[in-house]
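User: I am new to this structure and would like a friendly tour. Could you walk me through it?

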Amino acid sequence: MMDMFCKLDVKKTGIFAAGVLFGTAGIKVLSSKDAKKIYVSCTAAVLRAKECVMRTVSIVQENAEDIYAEAVQVNEKRAAEEMELEDESGTDDDFRETPAAKV
């Protein structure tokens, strides 16, 4: 039985015991009322930040939708103007050279 105690590594055993001690003390500290108050206030701050970010995101999204709608209107107006120009001038073939005209 004494041989077993002699073979124990004191350094490793001490490190293990210190780890258990710090772990137990850490659990006590982390579960205390003061720590819970800190957790609550940090969580409340994160929720406030989330609300601010979500407001900003919704504003940016609304602006992007407005920009998209205006861009669609600009393209439709431009296409209508091009159609009017084509109708007035006939077809685009009038402006192209034919191979016979190069002679």
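This is a predicted model: local features need pLDDT of at least 70, side-chain atom pairs count only at pLDDT 80 or more; totals for chains, interfaces and linings use all residues.

User: What share of the residues of the protein count as buried?

Analyst: A residue counts as buried when its relative accessible area is under 20%. Over the 103 residues of the protein, the buried share is 1%.

User: How far apart are the end C-alpha atoms of helix H2?

Analyst: Helix H2 covers residues 10–30. At 1.5 Å a residue, its 21 residues should span 30 Å. The model agrees with that expectation, because the end C-alpha atoms are apart by 30 Å.

User: Which side chains meet in a salt bridge?

Analyst: A search of the whole structure finds one salt bridge. Side chains of opposite charge can pair when their charged atoms come close. Here the N to O distance is 3.7 Å, within the 4 Å cut-off, so the pair qualifies. The two partners are Arg78 and Glu82.

User: How many residues apart are Arg78 and Glu82 in helix H3?

Analyst: An α-helix has 3.6 residues a turn, so residues three or four places apart point the same way. Arg78 is exposed at 54% relative accessible area, while Glu82 is partly exposed at 41%. Both lie in helix H3, about one turn of the helix apart, and the spacing in residues is four.

User: Is Tyr39 buried, partly exposed or exposed?

Analyst: Tyr39 sits in helix H3, which covers residues 33–89. Together with Leu30 and Ile38, Tyr39 forms a nonpolar surface patch with about 310 Å² of accessible area. Its own relative accessible area is 38%, which lies between the 20% and 50% cut-offs, so Tyr39 is partly exposed.

User: What is the relative accessibility of Glu86?

Analyst: Glu86 is found in helix H3. A negative surface patch is formed by Glu86 along with Glu81, Glu84, Asp87 and Glu88. Patch residues need over 30% relative accessible area, and Glu86, which counts as partly exposed, comes to 32%.

Note on methods:
Residues are numbered from 1 along each chain as its sequence is written. Side-chain values use heavy atoms; hydrogens and water are left out. Patches are made of residues with over 30% relative accessible area and no salt bridge: like charges are joined within 9 Å, nonpolar side chains (Val, Leu, Ile, Met, Phe, Trp, Tyr) within 5 Å. Accessible areas come from the Shrake-Rupley method with a 1.4 Å probe; for residues, only the protein chains shown count as cover. Helices (H or I, at least four residues) and strands (E, at least two) are DSSP runs, numbered from the N terminus. Buried means under 20% relative accessible area, exposed over 50%, partly exposed in between (1.4 Å probe, protein chains only). Lys and Arg count as positive and Asp and Glu as negative; His and the chain ends are not counted. The place of a charge is taken as NZ of Lys, CZ of Arg, CG of Asp or CD of Glu. The expected span of a helix is 1.5 Å times one less than its number of residues.
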